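Here are some notes to read with the structure open beside you. Take the points in order, and look up each residue as you go.

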2 protein chains.
Amino acid sequence: MNRSTDHLGSFAKGLRVLECFCAETPRLSIADVAARTGLDRATSRRCLLTLHHEGYAEYDGKFFTLTPRALRLGMSALAALPLPQIVQPWLDQLSEQIGQSCSVSVLDGTEIVYLARAAQRRVMSIGLMPGSRLPAHFTSMGRVLLAALPEAQARAIIDASDLTPRAPNSVTDPEEIMARIAQTRRQGYCLIDQEMEAGLRALAVPILSARGETVAALNIGMAALHADPEEMVTAYLPALRNVQAGLARML
Amino acid sequence: MNRSTDHLGSFAKGLRVLECFCAETPRLSIADVAARTGLDRATSRRCLLTLHHEGYAEYDGKFFTLTPRALRLGMSALAALPLPQIVQPWLDQLSEQIGQSCSVSVLDGTEIVYLARAAQRRVMSIGLMPGSRLPAHFTSMGRVLLAALPEAQARAIIDASDLTPRAPNSVTDPEEIMARIAQTRRQGYCLIDQEMEAGLRALAVPILSARGETVAALNIGMAALHADPEEMVTAYLPALRNVQAGLARML
DNA sequence: ACGGAGCGTTCGCATTGTGAACAGGAGCAC
DNA sequence: GTGCTCCTGTTCACAATGCGAACGCTCCGT
């Protein structure tokens with residue numbers, strides 16, 4: 001089963017190279033990629049030339065840039081996940097009903113990954129869309145997803161997270177975060193008040209399968225001046241619970 | 001430069017395997033992948049086990065499924081493209097102003113790829129989001145993008161496209177499509193009236209760089225009962241032109 | 001029970017990828 | 001300008017790695 005011949009080293013290395021390209025570093029030279037991946041320069045070069053040859057990357061003789069073709073790789077993953085397609089209509093309806101943006105995400109390592117989103121107005125500084133990532137520890141959906149894990153596993157993720165504060169209310173003490181996660185577990189929902197970004201509040205609940213397993217998280221986000229934290233729970237939690245119940249029957 | 005040792009065969013094969021996973025086929029066995037890629041079953045197995053080992057795929061002993069981690073691959077590509085981040089605010093504003101969905105896409109082979117989208121209401125049967133793909137030949141943005149190419153290149157793409165009709169107004173004659181593309185080139189915009197989906201009209205213009213090169217396409221889509229084709233042009237083309245002019249200054 | 005089709009897995013061989021070594025600049029000090 | 005260093009991209013001989021024909025297994029249809 002785990003024989004060494006079952007693992008394609010160069011494929012794995014190539015994927016490492018692909019992940020180098022991100023918003024901050026869209027143009028990379030061979031040496032850049034070697035430094036980022038820890039691979040030999042020669043190996044990085046082979047991976048990059050392969051990407052170029054297969055149409056995933058542009059090459060100007062010095063720098064490599066990904067082409068739209070590269071979108072096929074991860075987007076096929078998004079399209080392959082059944083959840084986004086199931087939840088999208090619910091999201092659209094919820095968003096229209098309450099007049100706020102709402103999203104669905106899952107956990108990947110220390111980050112949450114947006115799978116679906118229905119945006120109303122742009123209240124956040126960053127553009128969020130399916131595939132976007134945010135640190136789990138200070139997001140409402142992240143807390144909900146961490147609350148569904150065994151305590152030890154959640155702690156391991158928090159310990160591996162970068163807890164640099166991002167907003168006035170950011171919680172930076174691991175113990176305090178674990179306490180908030182425990183509270184989320186008891187309540188069955190999580191309210192975040194300007195921990196990630198000043199002026200932004202978010203309320204999240206888990207999306208449960210028919211068997212009660214947490215398969216994703218659902219949230220709404222809104223400007224802080226729209227409602228007090230308590231108002232937010234009383235005003236919007238029922239709507240979230242409603243979607244949660246509707247989805248549980250389909251999963 | 002093009003020495004054979006500069007090309008990593010197994011990396012290229014692995015990418016072919018990754019592309020197998022799409023909305024219609026999210027769960028694939030080793031033999032499924034072998035059939036789709038044309039690779040040997042043993043090779044497919046190695047690629048899949050590598051994906052599993054690196055955390056990109058789930059394996060239940062029979063079927064493979066991509067994990068959210070795989071989203072990193074394509075999304076890094078989306079994030080690496082500068083265009084989406086530049087156009088998103090313009091899209092949001094345009095969408096709110098006219099009360100309709102609008103999108104930005106680029107060409108990749110015979111398909112258009114959505115880079116950014118501001119959705120208002122769900123009028124289409126399929127969920128569109130950044131990364132989604134549609135055949136270029138019968139979409140408004142596709143026609144605009146094809147019109148920017150040299151005639152011969154556009155023809156080659158049309159010849160390579162599957163022209164199976166999808167709606168009552170679908171154009172299936174390559175000559176007719178080329179004529180519509182020529183018309184789009186003269187007019188500087190393209191109106192599609194229920195060629196892709198019954199009840200759906202779309203209006204697109206090119207997004208031009210400061211040097212006048214077409215770098216992407218911008219469109220709005222709406223239900224056919226909202227407006228006549230002519231009304232649609234008079235009502236919405238100015239708004240599109242406005243965004244087009246604003247973006248030209250930034251590119 | 002038997003045959004066959006289709007599947008995942010193995011194993012010996014040679015193709016393929018490896019990285020130390022090399023060559024070509026760019027920058028810098030004098 | 002010269003000589004130096006540092007960094008980048010490229011080559012090449014070696015052997016590790018990936019290849020696919022061949023194998024055995026399971027699941028149907030008869």
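1. One term first: a residue is buried if 20 or more other C-beta atoms lie within 10 Å of its own, exposed if 12 or fewer, and partly exposed in between, with C-beta atoms placed from the backbone. By that count A:Gln194 is partly exposed, because 17 other C-beta atoms lie within 10 Å. A:Gln194 also has a positive phi of about 55°, although it is not a glycine. Most residues other than glycine have a negative phi.

2. A word on what you're looking at. This is a predicted model, where local features need pLDDT of at least 70 and side-chain atom pairs count only at pLDDT 80 or more, while totals for chains, interfaces and linings use all residues. Residues are numbered from 1 along each chain as its sequence is written, and chains are lettered from A and ligands numbered from 1 in the order in which they are written.

3. Now chain A overall. Its secondary structure comes to nine helices and eight strands; helices (H or I, at least four residues) and strands (E, at least two) are DSSP runs, numbered from the N terminus. The C-alpha trace of chain A spans about 60 × 45 × 40 Å along its principal axes. Chain A has 251 residues, and 44% of them count as buried.

4. How do the two chains relate? Chain B can be laid on chain A with an RMSD of 0.3 Å by a turn of 180° and a shift of 0.0 Å along the axis. That is the relation of a two-fold axis. The superposition is by least squares on the C-alpha atoms of residues with pLDDT of at least 70 in both copies.

5. Next, where the chains touch. Two residues are in contact if their C-beta atoms, placed from the backbone, lie within 7 Å. On that basis 46 residues of chain B are in contact with 47 residues of chain A. On the chain B side, α1, α3, α4 (71-80), α5 (82-98) and β3 (101-108) each supply at least two residues, and the largest share, ten residues, comes from α4(B). That side divides into 26 nonpolar, eleven polar and nine charged residues. For these classes, Ala, Val, Leu, Ile, Met, Phe, Trp, Tyr, Cys and Pro count as nonpolar, Asp, Glu, Lys and Arg as charged, and the others, Gly among them, as polar.

6. On to the DNA. A residue is near a strand if its C-beta atom, placed from the backbone, lies within 6 Å of it. There are 20 residues around DNA strand C, and A:Ala42, B:Ser29, B:Ile30, B:Ala31 and B:Ala42 come nearest. The elements that each supply at least two residues here are α1 (9-20) and α3 (41-53) of chain A, plus α1 (9-20), α2 (30-37) and α3 (41-53) of chain B. This surface has five nonpolar, nine polar and six charged residues.

7. DNA strand D is surrounded by 21 residues, the closest being A:Gly9, A:Ser29, A:Ile30, A:Ala31 and B:Ala42. Here α1, α2 (30-37) and α3 of chain A, with α1 and α3 of chain B, each supply at least two residues.

8. Have a closer look at α3(B). At 1.5 Å a residue, its 13 residues should span 18 Å, and its end C-alpha atoms are 18 Å apart, which agrees (the expected span is 1.5 Å times one less than the number of residues). Its buried residues include B:Arg46, B:Cys47 and B:Leu48. The buried residues of α3(B) pack against α1 of chain A together with α1, α2, β1 (57-59) and β2 (64-66) of chain B. Just after α3(B), B:Gly55 takes a positive phi of about 85°.

9. Which residues have the most contacts inside the largest nonpolar core? They are A:Ala204 and B:Ala204, in a core of 148 residues. Such a core is a set of buried Ala, Val, Leu, Ile, Met, Phe, Trp, Tyr and Cys residues joined through C-beta atoms within 7 Å. Not counting residues up to four places away in sequence, B:Ala204 touches residues including B:Met141, B:Val144 and B:Leu218.

10. Last, the loop between β6 and β7 of chain B, where B:Glu195 is found. Is B:Glu195 buried or exposed? B:Glu195 is buried, because 23 other C-beta atoms lie within 10 Å.
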